[in-house]
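Welcome! Here is a short tour for someone meeting this structure for the first time. Please take a look at it below before reading on.

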Number of protein chains: 2
Amino acid sequence: MAPKRICLIGAGPSGMSVLFQLEKLRKEGVDVPEVVCYEKQSNWGGLWNYTWRTGNDEHGEPIHGSMYRYLWSNGPKEALEFPDYTFEDHYGRAIPSFPPREVLFDYLQGRWKKMGLKEKINFKTVVRMVTFNEETDKFSVVTENLTERNLTSKIQPTEEFDYVFVASGHYSVPYVPTYPGVDRFPGRVMHSHDFRDACEFKDKRILIVGASYSAEDIALQTIKYGASKVICTYRSKPQGYKWPETIEERPIFTHVDGKVVHFSDGTTAEVDAIMFCTGYLHYYPWIEDKLRLRSVNSLYPPNLYKGIIFTPEGHNGGNNKMLYIGTQDQYYTYTMFDVEALWALKYVLGQIDVPDKKTMRANLIGWAERLKSSKDCYADIDFQTDFVLELAKDCNYLDGVDLDVTKIFYDWHHDKEIDVLSYRDKSFTSKFTGTKSPIHHSTFMSALDDSKECFMATK
Amino acid sequence: MAPKRICLIGAGPSGMSVLFQLEKLRKEGVDVPEVVCYEKQSNWGGLWNYTWRTGNDEHGEPIHGSMYRYLWSNGPKEALEFPDYTFEDHYGRAIPSFPPREVLFDYLQGRWKKMGLKEKINFKTVVRMVTFNEETDKFSVVTENLTERNLTSKIQPTEEFDYVFVASGHYSVPYVPTYPGVDRFPGRVMHSHDFRDACEFKDKRILIVGASYSAEDIALQTIKYGASKVICTYRSKPQGYKWPETIEERPIFTHVDGKVVHFSDGTTAEVDAIMFCTGYLHYYPWIEDKLRLRSVNSLYPPNLYKGIIFTPEGHNGGNNKMLYIGTQDQYYTYTMFDVEALWALKYVLGQIDVPDKKTMRANLIGWAERLKSSKDCYADIDFQTDFVLELAKDCNYLDGVDLDVTKIFYDWHHDKEIDVLSYRDKSFTSKFTGTKSPIHHSTFMSALDDSKECFMATK
């Protein structure tokens, strides 16, 4: 029998975990399936692969990246650390708990390089269409290889696969609502997807629309780099942090008149820029209807058994062979992706069984119901912990290593509630090395240089 | 025999001319083919349909529009006027020669509304894939209908067509080169595709990369709305206009260091923003290889017989049934699209014959050779005049009306060379009404309000 073929779409942290676990299994002597990985960017790392570009890349493809300069982890590294490749393994010493992007990316790459994964990726290759043929029980995947200025790019012969793993991410295509007057606002109107360098907003007054992670982080960062005022406007409830004087929150705005924003509480304010921090779309235009996940961003997108196997109501959706990796909203990140990757591979290998469709759907609906009744972020953290631990158990991830970092998340969240300006200055203890991380030489709000060199300097 | 089916992609000026000419033929009693028009935007007009959005639209689709606020025609309206629907027909009186966007768009829409064309368009429908089946001699077209937040968007059943008319435009997907240091520039870096409101750049110093129409227009406009300084940087030759003191030209830059731009002549300058006015890509990722035009922007893109029928070397490229409308760079605009539209429809109707492939290729290569030897813009204008006149003759456009506006283009170009700040204050005479246009109540450089209401006011 020919080996099974898997099409893996995306070489960000999720896709790379698939490649990593595959190589690991291969080295352990398992007769692994063939995995063909397509990545539209010219480097691995997904969102961690920073680009200054916005809009379209040099080939005309929409820019994947939503990463901006001066981004520091907004959660402790101890909550995303790999048990089999700790930060101390990578850096040879303990480092502070909230590293900037470059330091995290370097860490990820260390694990990938160790396994020699770069050569496993078809870079600059865009998936144009994924379809499933019921009769042959195979997927057809149309890809296109990009070259300079798009003049000689080539659609490649359609390839056939037994499975498709979608790991293309869901923080790349912005959702941007509209409000009256925004079309005539005399200044920059943008989504955080296009945010790159906070220095642009020096001495500016910014309206930030949204009340989630991007709003919080970009409000702090623009102030840090010189913005004179930030007003965050929320639809349901304020973020509620103890902001510095330069940041305030107001209820949602109703309209803009010139530069003047009118809020629903009757107040007004003049601003120089409007930034929508209004989230992202699950956007898979290259996946045919019957295989396509349709979801808002969620800790449990619908119709995914174990959060992975596409199991829609009514039709077969690829006969349990259409898998999504890393589509959840995240407290857990790298470890969750890693567990999902191993789970998916062991499933393809026949080492994990799935029940009949009715049972699968009852299971996924059960998780969705539980999420619906989740009362606060602590319940959300518990929800995702249980989700990760169940998958880990299913696939015997690292022989049963305990991935539960609930306490770290609780403490982190509590720290933020106490002081949003200094929660990144705290220190956490690695579950896997037992080391309590050192305190960084500079506080987050005073650290303007986000380079690895500066961060790794001992003082 | 079943009527022929044409898939028309795009409802900008080119696509709308196809629909207009089709309705006109139908009213004349011609047994016309069925034309199914797909438009991804929610309104007609292509680039003339201004949106404040940049990046992605509310469905996640890349934004088509490159239109910015306060744009005024950069050529006289007398050079784009339809003989059968003059500006006087539309507005009931003569208006100045260089109208702002809203006035031009209103004019276009008047002609389309008269023919009741809106109902002929499938709005919010994106073409995902066009392929050609040699055996059936038919095209397959996969489309997707967009709805809010992309949660219920549907890929529609694949439709079959005898012909495909691509009128999707080629000023939508930016080409953005890179230069050392741009990735660390502490300010906004953008392409003119994302330029919307010049007020954003009040009191700013801007580096504009490029020396063509966008560079010229945006340099003037940003200064007009308060930018303190614009430096245009050119690769081959400067624009060479008599700029105001606040605009200057320098040779290409080699790198940026912080905010400091280093030019190849050894000079430096500090700037606050970098804008690439570096043009656009012909970008058709949804067209399979063998049907896809590959071209840089050009007055005569390669492999198009009569500038319309895709006639590649080597393979059949859709058996002369893959047509491109409005793919040329433009002196002539609306009238050229209109002539191409009628030519294409008459060709499908069998009223225009094409020779054997060898002759077709010799013809298109002949045009390309002539273009290559074109010495200056005056020769370019002559080139496009001859191109338009030949098509018009082939299809007996409006019983042989004379579309030649060479003299208008010559005069316009001469005016610009004399004074780039005031060429839009000149007046031209309509070839079709004989009326010399009135002088506008405000000079271009003093007219800050670009609304139709303000423009149409008599003083």
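Which domains does the domain assignment of chain A give? The assignment gives domain 1 (5-172 + 280-407) and domain 2 (177-276), with bounds that come from an automatic or database domain assignment. Please keep in mind that this is a predicted model, in which local features need pLDDT of at least 70, side-chain atom pairs count only at pLDDT 80 or more, and totals for chains, interfaces and linings use all residues. Residues are numbered from 1 along each chain as its sequence is written, while chains are lettered from A and ligands numbered from 1 in the order in which they are written.

**The two domains of chain A**

- The C-alpha centres of domain 1 and domain 2 of chain A are 32 Å apart.
- Between them, 7 residues of domain 1 of chain A are in contact with 10 residues of domain 2 of chain A; two residues are in contact if their C-beta atoms, placed from the backbone, lie within 7 Å.
- The side of domain 1 of chain A that touches domain 2 of chain A has 3 nonpolar, 3 polar and 1 charged residues. Here Ala, Val, Leu, Ile, Met, Phe, Trp, Tyr, Cys and Pro count as nonpolar, Asp, Glu, Lys and Arg as charged, and the others, Gly among them, as polar.

**How chains A and B meet**

- Chain A and chain B each give 40 residues to the contact.
- On the side of chain A that touches chain B, the elements that give two or more residues are β4 (125-133), β6 (154-155), β9 (173-174) and β10 (188-191) of chain A. Strands are DSSP runs of E with at least two residues, and helices are runs of H or I with at least four, numbered from the N terminus.
- β10(A) gives the most to this side, with 4 residues.
- By class, the side of chain A that touches chain B has 17 nonpolar, 9 polar and 14 charged residues.

**A hairpin in chain B**

- In β4 (residues 125-133) of chain B, 7 of the 9 residues are buried. A residue is buried if 20 or more other C-beta atoms lie within 10 Å of its own, exposed if 12 or fewer, and partly exposed in between, with C-beta atoms placed from the backbone.
- β4(B) runs antiparallel to β5 (residues 138-145) of chain B, and 8 bridges join them; strands pair if DSSP finds at least two bridges between them.
- Phe132(B) has Phe139(B) as its bridge partner in β5(B).
- The two strands form a hairpin with 4 residues between them, and Asp137(B) in the turn has a positive phi of about 60 degrees.

**Loop residues in chain A**

- Lys124(A), in the loop between β3 (121-122) and β4 of chain A, has a positive phi of about 50 degrees although it is not a glycine.
- Ile352(A) is found in the loop between α5 (334-348) and α6 (357-372) of chain A. Ile352(A) is partly exposed, with 17 other C-beta atoms within 10 Å.
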